[in-house]
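Thank you all for making time this morning.

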Amino acid sequence: MNLDGRTALVTGASRGIGRAVALALAKTGANVVINYVSNARAGQKVAGEAERAGARVLLFQADVSRPEEAAELVQAGVDEFGRLDILVNNAGITRDNLLMRMQDEDWDAVLNVNLKGAFNTTRAALRYMLKARYGRIINISSIIGLRGNAGQANYAAAKAGLIGLTKSVAREIGSRNITVNAVAPGFILTEMTDKLPQEVRERMISEIPLGRFGTPEDVAALITFLASEAAGYITGQVIAVDGGMAI
Ligand code: NAP
């Protein structure tokens, strides 16, 4: 893949999947805007790695759940690089609990970051993509958004919502040469999944036909393809990267 001259913004790129996506895009020659919310040190480390891979980099702190901060993030990328071609809505959190025990704050936080965050950045980015008549938007959903999961009603609702957002925006802006797709990872080894108890991990691996957990790089490979020219006739799709877990 060659993304020389393109600019990509990856939300939540200080760790896990977002980090791997930012580094993979950096290796293709794209300029990369690396966003984080609180972990400045991790963000700086990823920015350094992306620079060593040859990319021009902007590191930018913003809480994507806040519309004004999401807009500032997009604007900063455009100011730095003069354009925005690729938006990867990756920032996400979990606040797991059974529904009857779930607090309003846990519901709101997960919906606000995982779903409203993508709305905030997409709306801000489209101002530039529509003018340029070019864009690649990739939303990181989850197989939990397709299958549901006990203890994750907030997360599943947000990730299913992202699929509705993806398909609707794909229909709205397809005529402007902007594609919008969702990626649905299965169980990927990151800090998010580190929190899960051993018995849950063992149960999950028994459900994965490929017999292993995924890596952030497994997800980044698909996102790099969807961000490329080669994926220009793919829009409104939900593509799982899950070792076959959701078959
Ligand atoms: P992670 O390791 O916990 O990293 C989360 C990232 O999101 C961090 O960079 C964090 O920044 C950032 N973030 C959190 N809240 C934010 C906010 N309000 N504004 C901006 N950035 C924010 O997560 P991950 O496992 O890589 O997951 C990445 C995405 O993939 C998420 O959307 C997740 O739901 C999805 N996903 C993950 C899996 C999995 O198995 N891991 C499976 C399916 C889907 P800080 O470092 O500053 O906190």
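This is a predicted model: local features need pLDDT of at least 70, side-chain atom pairs count only at pLDDT 80 or more; totals for chains, interfaces and linings use all residues.

Residues are numbered from 1 along each chain as its sequence is written, and side-chain values use heavy atoms, with hydrogens and water left out.

Turning from the surface to the interior, buried residues make up 52% of the 247 residues in the protein chain, where buried means under 20% relative accessible area, exposed means over 50%, and partly exposed lies in between, with a 1.4 Å probe and protein chains only.

As for the overall fold, the protein chain has nine helices and seven strands, which are DSSP runs numbered from the N terminus, with helices being H or I of at least four residues and strands being E of at least two. Of the contacts in the protein chain with a separation of 6 or more, 74% are accounted for by residues 24 or more positions apart, a contact being heavy atoms within 4.5 Å.

Now for a detail: which two residues form the aromatic pair? The structure holds one such pair, and Phe187 and Phe213 form it, stacked at 4.0 Å centre to centre with 25 degrees between the planes. Rings of Phe, Tyr and Trp (its six-membered ring) pair if their centres lie within 6.5 Å, and planes under 30 degrees apart count as stacked, over 60 as edge-to-face and the rest as tilted. Because Phe187 lies in the loop between β6 (178-185) and α7 (191-194), and Phe213 in the loop between α8 (198-206) and α9 (216-226), the pair ties together parts that are 26 residues apart in sequence. Phe187 and Phe213 are both buried.

Finally, two loop residues deserve a glance. Arg133, in the loop between α4 (104-132) and β5 (135-140), has a positive phi of about 55 degrees although it is not a glycine, and it counts as partly exposed because its relative accessibility is 47%. Asn177, in the loop between α6 (153-173) and β6, is not a glycine either, yet has a positive phi of about 65 degrees, and at 39% relative accessibility Asn177 counts as partly exposed.
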